[in-house]
Amino acid sequence: MSQANAGNRFRFALTVALFSAMSVPALAQLSEDTAKQAAQELRLLVTEGTGVIGDLQPVINAGKAPKEQVTPDALVSQFKARYQKAAGAALDTKAAGVIGDARRAYVQAFTSVVTRFQGNLTKGGQDAFVPAFFRAQVLKDFNQLMRGKIQGYATNRDSELINGDWAVQKVMKGSPLAADVQGLMAGGSLDPVVKRTGNTVMGYYPMKLAPACVACHAQNGLKQTEGGFGGALVAEIPVK
Ligand code: HEC
């Protein structure tokens with residue numbers, strides 16, 4: 001074998017090795033335990049992230065959100081503060097494994113959405129930037145960044161949708177969990193369900209209606225009861 005050939009072969013082998021090392025995280029299937037932890041983490045990220053926009057609803061709807069309070073930097077700090085309070089520990093975006101991947105993807109998606117919708121935030125007006133709309137945009141970006149390792153969905157029962165785009169059959173189209181989620185929502189229990197079905201771990205987290213949710217939804221013609229079921233956040237994670 002000539003020197004040149006040996007060199008090419010070596011480079012080829014190295015390239016193959018590098019590519020497989022790079023693609024391992026995307027392809028590696030998680031253990032059931034890790035997947036259940038990741039589902040909980042997604043719940044925490046999405047709940048606290050959406051809470052940042054929820055807290056701002058009075059000023060957004062009044063068209064009075066102070067500009068410096070809704071810059072991407074200010075909102076990301078708000079998110080980190082809420083996360084730390086809820087988790088009892090600071091958000092560690094350097095963490096290894098799928099949890100670290102999920103945190104980085106969530107922060108990236110959050111930042112990108114509040115940057116893109118800066119105009120809605122500062123101009124404001126009734127329903128100019130509601131939590132559910134924000135959450136749906138962030139989850140769309142998040143799901144793309146996670147490339148199938150974790151998928152997150154927010155939805156509600158067909159009879160209580162304000163925006164038909166968030167129907168379970170649409171947001172969970174093609175998901176093996178769609179029928180399960182539809183059944184759980186129909187039951188309307190407020191208890192979370194975290195379980196494995198086949199090769200998928202599902203984290204199902206119902207949302208409870210607070211007075212502000214009911215009041216605002218009523219303006220959109222929806223009759224709901226305080227303390228009742230108000231939709232669900234779902235995590236879907238393939239496992240080995
Ligand atoms: C300021 C008004 C406002 C508040 C406050 C609000 N919502 Fe909504 N919500 C909306 C609007 C408007 C939509 C439709 C969003 C869209 O068009 O994307 C919506 C959509 C939703 C959806 C998606 C399904 C659907 O109906 O389209 C869920 C789930 C939801 N809200 C739950 C809640 C919960 C739970 C709270 C309180 C913790 C809450 N919302 C607070 C206005 C509000």
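Colleague: Which residues does isoleucine 150 touch, not counting residues up to four places away in sequence?

Modeller: In this predicted model, two residues counted as in contact have C-beta atoms, placed from the backbone, that lie within 7 Å. Isoleucine 150 also belongs to the largest nonpolar core, where it is among the residues that touch the most other members. With residues up to four places away left out, the residues that isoleucine 150 touches are Ala38, Leu42, Val98, Ala102, Ala235 and Ile237.

Colleague: How many residues are in the largest nonpolar core, to which Ile150 belongs?

Modeller: Ala38, Leu42, Ala102, Ile150, Val181 and Val234 are the members that touch the most others in this core. Of these, Ala38, Leu42 and Ala102 are also among the residues touched by isoleucine 150. Counted over its whole membership, the largest nonpolar core holds 51 residues.

Colleague: In what order do the four strands stand in the sheet?

Modeller: The protein chain has ten helices and four strands, and along the sequence these follow the pattern α-α-α-α-α-α-α-β-α-α-β-β-α-β. The four strands form an open sheet with antiparallel pairing, and their order is 1-4-3-2.

Colleague: Why is one side of strand 1 and of strand 2 left without a neighbour in the sheet?

Modeller: The open sheet has the order 1-4-3-2. Strand 1 (151-155) and strand 2 (193-197) therefore stand at its edges, and one side of each lacks a neighbour because each has a single partner strand.

Colleague: Which residue in strand 4 stands opposite glutamine 151?

Modeller: Strand 1 and strand 4 run antiparallel and are joined by five bridges. Within this pairing, alanine 154 stands opposite leucine 233 in strand 4, whereas the residue opposite glutamine 151 is glutamate 236.

Colleague: How many bridges join strand 3 to strand 4?

Modeller: Strand 3 (residues 200-208) runs antiparallel to strand 4, and valine 201 stands opposite isoleucine 237 in strand 4. Isoleucine 237 is also one of the residues touched by isoleucine 150. The number of bridges that join strand 3 to strand 4 is eight.

Colleague: Is strand 4 mostly covered or mostly uncovered, and how many of its residues are buried?

Modeller: A residue is buried if 20 or more other C-beta atoms lie within 10 Å of its own. In the protein chain of 240 residues, 32% are buried. Strand 4, by this count, is mostly covered, and of its ten residues the number buried is nine.

Colleague: Which elements each supply at least two residues of the shell around the ligand?

Modeller: The ligand is surrounded by 25 residues, with Ala132, Asn163, Cys213, Cys216 and Gly231 the closest. The shell divides into 15 nonpolar residues, nine polar and one charged. The elements that each supply at least two of its residues are helix 3 (57-61), helix 7 (131-146), helix 10 (211-219) and strand 4 (229-238).

Colleague: Is aspartate 127 buried, partly exposed or exposed?

Modeller: Aspartate 127 lies in the loop between helix 6 (118-123) and helix 7, and its phi is near 60°, a positive value in a residue other than glycine. Because 15 other C-beta atoms lie within 10 Å, aspartate 127 is partly exposed.

Colleague: What is the phi of arginine 147 near?

Modeller: Arginine 147 is placed in the loop between helix 7 and strand 1. With 13 C-beta neighbours inside 10 Å, arginine 147 counts as partly exposed. Its phi is positive, in a residue other than glycine, and is near 40°.

Definitions and conventions: Residues are numbered from 1 along each chain as its sequence is written. This is a predicted model: local features need pLDDT of at least 70, side-chain atom pairs count only at pLDDT 80 or more; totals for chains, interfaces and linings use all residues. A residue is near a molecule or strand if its C-beta atom, placed from the backbone, lies within 6 Å of it. Ala, Val, Leu, Ile, Met, Phe, Trp, Tyr, Cys and Pro count as nonpolar, Asp, Glu, Lys and Arg as charged, and the others, Gly among them, as polar. A residue is buried if 20 or more other C-beta atoms lie within 10 Å of its own, exposed if 12 or fewer, and partly exposed in between; C-beta atoms are placed from the backbone. A nonpolar core is a set of buried Ala, Val, Leu, Ile, Met, Phe, Trp, Tyr and Cys residues joined through C-beta atoms within 7 Å. Two strands pair if DSSP finds at least two bridges between them.
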